[in-house]
Amino acid sequence: IFICIFSFLSNQEGSANEQGSPDNLQNLIRLAKPGETLLIQAGDYKGPIIIDKPLHLKVVNGKVRIRNESKQPAIQIKADHSRLTGIEIVDSLSKESAAIVITGNDNILENLAIQTKSSGIQLSNASHNTIRETRIIWLEQKDEPPAKMSQKGNGIDLWKSHQNNIIENTVVNLHDGIYLENSNLNQVESNRIDYSRYGIHCMYTNGTIIRHNVGSYNVTGAMIMGAKNTQVIGNTFYKQSENVNSQGLLLYDVQTSIIERNRLEGNRVGMYVEQSQNNDLRNNVIHQNFIGLQLKNAQQNTCHSNLFYANVIQAEGIDSRNNQLKENYWDNFQG
């Protein structure tokens, strides 16, 4: 009976201390059965590792740190239905790949801490994944000059990846905080991005939901380009003002999108709209920017029920026509 019970428990849950040394995490993964929860004891583990079957890697107690000094990703997730919880990653070489690369579907990454000299997490042709409560920062090393923005990768990077959830993450001092390209129906919610180029950057996307995020001290809080049916709702972008091209929110070639209940405060330009049509800009607070709203070659947009106050220039339009501005509050109105 004892042998049968022990065999059953071993098939359900494995431990790093039972199965190998902290230097050989890949061997622990190789020995684990699909669907198993692999409990990892505190300690430093050596990357890179590859997850090619459904597994849950979970920290038992203390800190589990994966140190990667190779040109490969610290972790590659090629499987579907895998999960990483509570792991720290130190990816110390500059390279093309990210610290974590996901090519599978329906995976969950939660409560991770990533220090990277490249990019944080990259999804490529990967859908229905969730990244949440994860912190990604640029790895500053002693005796090295500060890296230029162009030398850095993105915090979370999506390429042809659809219907993913990016929720409650923190990205600091990367190139773009969250970058989506040719990726549709993704949800970007309640993230914090600071000291990056574009906090949130959408390129050629459809149906993206950007909601309740906060960005500060970036060049631009959110840059939406070549996008349709985007929802930008309830975000706060403030103090994007250090660069001559800084904006709280930038819309370029955007159609049929909703920009609602955002707070754009203390930016060089609060909201910049160029070559964009048929968008609804409503119920936003545009406050203490140098220029509140700027339209350029923009047509057939509706701007209503917004609050403009304490901006140096409230709004201006260049080569723009057939836009409707109605029911807005302007604190400097003299009529």
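The legends below describe close-up views of one predicted model.

Residues are numbered from 1 along each chain as its sequence is written. Local features need pLDDT of at least 70 and side-chain atom pairs count only at pLDDT 80 or more, while totals for chains, interfaces and linings use all residues; side-chain values use heavy atoms, with hydrogens and water left out.

Figure 1. Helices (H or I, at least four residues) and strands (E, at least two) are DSSP runs, numbered from the N terminus. Along the principal axes, the C-alpha atoms fill a box of roughly 90 × 45 × 30 Å. Of the 335 residues, 52% count as buried, where buried means under 20% relative accessible area, exposed over 50%, and partly exposed in between (1.4 Å probe, protein chains only). The chain exposes about 15,100 Å², and carbon and sulfur atoms supply 47% of that area. Accessible areas come from the Shrake-Rupley method with a 1.4 Å probe, and for residues only the protein chains shown count as cover. Among contacts (heavy atoms within 4.5 Å) between residues at least 6 apart in sequence, 38% join residues at least 24 apart.

**Figure 2. The open sheet of twelve strands.** The strand order is β4-β7-β10-β13-β16-β19-β22-β25-β28-β31-β34-β37, with parallel pairing. β4 (49–51) and β37 (313–318) stand at the edges with a single partner strand each, so one side of each is left without a neighbour in the sheet. Neighbouring strands of this sheet are turned by 10° against each other on average, direction ignored. The axes behind this angle are lines fitted to C-alpha atoms, for helices over the stretch in contact, and angles run from 0 to 180 degrees between N-to-C directions. Two strands pair if DSSP finds at least two bridges between them. Strands of a sheet pair through backbone hydrogen bonds, either parallel or antiparallel.

**Figure 3. Strand β31 (residues 269–274) and its partners β28 and β34.** Six of the six residues of β31 are buried, so this strand is largely enclosed by the rest of the structure. Five bridges join β31 to the parallel strand β28 (residues 247–255), and Leu 250 stands opposite Tyr 272 of β31. Five bridges also link β31 with β34 (residues 291–296), again in the parallel sense. Here Met 271 has Leu 293 in β34 as its bridge partner.

**Figure 4. Strands β19 (residues 176–181) and β22 (residues 198–203).** The two strands pair in the parallel sense over five bridges. Leu 180 has Cys 202 in β22 as its bridge partner. Leu 185 lies in the loop between β19 and β20 (187–189); its phi is positive, about 60°, although Leu 185 is not a glycine. Tyr 195 is found in the loop between β21 (192–194) and β22. Tyr 195, also a residue other than glycine, has a positive phi near 55°. At 45% relative accessibility, Tyr 195 counts as partly exposed.

**Figure 5. Ser 127 in the loop between β13 (119–124) and β14 (130–132).** Ser 127 is buried, with a relative accessible area of 14%. Not counting residues up to four places away in sequence, Ser 127 touches Gly 104, Asn 105, Asp 106, Ser 161, His 162 and Asn 164.

**Figure 6. The cis peptide bond from Gly 47 to Pro 48.** Omega of this bond is near 5°. Pro 48 has its place in the loop between β3 (43–46) and β4.
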